[in-house]
Amino acid sequence: MIITKAKSDEEIKEVIQPFKKLVVVGCGTCATLCQTGGDEQVKAMVQKLTDWGKEVTGSIVIENPCDLRIDKRDLKRLGDAMANADAIIVMSCGVGVQTISQASDKITLAALDTVFIGEVERIGQFYEMCRACGDCILNETGGICPITRCAKHLLNGPCGGMNKEKCEVGTDKDCAWVLIWKRLKEQGREELFTKFREPRDYSIKAGPAEIIWK
Ligand code: SF4
Ligand code: SF4
């Protein structure tokens, strides 16, 4: 899931300052689960904007704002609410904001910060798990991602700073490479731990990435 957090009221106030009439768009998927852009948060944003002297011409929670087809369909359904708005304020990840911007000729503003691709342990407890590196090595690391979970993103570890199984970089987190070793040992696949991994070929990740089915 894409994890998002709300921008501060101060930041929102500043970006909406030039606009009088706004449409609020939420996200029915990730941002709903993060409680940053679902029904309740959209209602709260409408109330806030009204309290700040803005006119909210319409609001909607789009099921998948990262899908251009759905955005075009749902924004069209807003009719005059969209036509009369000066700008759209979007409560979704940055993908949703950009896709809505493509689906409309209105100025599109982000209400959230997109922080990571994460696992949901429970609502309000999210852990970064993947950086979409484009060259996944989970098959060699017992399903634990060193790019994300090692503070130095090392492909071969642990580094010399590991201390009593903890990461040396700033926190009391477990060293990712110790976790990888333990998992591989449990699985009887220790040989994968000693495999040397060459430095990454960053051209694989030269963006912007795209996938186009033939
Ligand atoms: S190696 Fe890590 S960052 Fe790369 S795709 Fe796999 S899980 Fe994601
Ligand atoms: S201590 Fe472990 S997790 Fe921390 S930077 Fe070194 S190898 Fe990575």
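The following paragraphs describe the predicted model from its overall form to its two ligand sites. Residues are numbered from 1 along each chain as its sequence is written, chains are lettered from A and ligands numbered from 1 in the order in which they are written, and, because the model is predicted, local features need pLDDT of at least 70, side-chain atom pairs count only at pLDDT 80 or more, and totals for chains, interfaces and linings use all residues.

The protein is assigned domain 1 (2-115) and domain 2 (134-199), with bounds taken from an automatic or database domain assignment. The centres of domain 1 and domain 2, computed over C-alpha atoms, are 39 Å apart. Along the principal axes, the C-alpha atoms occupy a box of roughly 65 × 45 × 25 Å. The radius of gyration, taken over C-alpha atoms, is 22 Å, whereas a compact globule of 214 residues would have one near 17 Å; the globule rule is 2.2 Å times the number of residues to the power 0.38.

Eight helices and seven strands form the secondary structure, counted as DSSP runs (H or I, at least four residues, for helices; E, at least two, for strands). Of the 214 residues, 30% are buried, that is, with 20 or more other C-beta atoms within 10 Å of their own, these atoms being placed from the backbone.

Around ligand 1 lie C130, R131, A132, C133, C136, I137, L138, C145, I147 and T148, each with its backbone-placed C-beta atom within 6 Å of the ligand. By class, this shell has eight nonpolar, one polar and one charged residue. Ligand 2 has 15 residues around it, of which C150, G157, C159, C167 and C175 come nearest. Its shell comprises 11 nonpolar, two polar and two charged residues. In this classification Ala, Val, Leu, Ile, Met, Phe, Trp, Tyr, Cys and Pro count as nonpolar, Asp, Glu, Lys and Arg as charged, and the others, Gly among them, as polar.

Key:
Buried ≥ 20, exposed ≤ 12 C-beta atoms within 10 Å, placed from the backbone.
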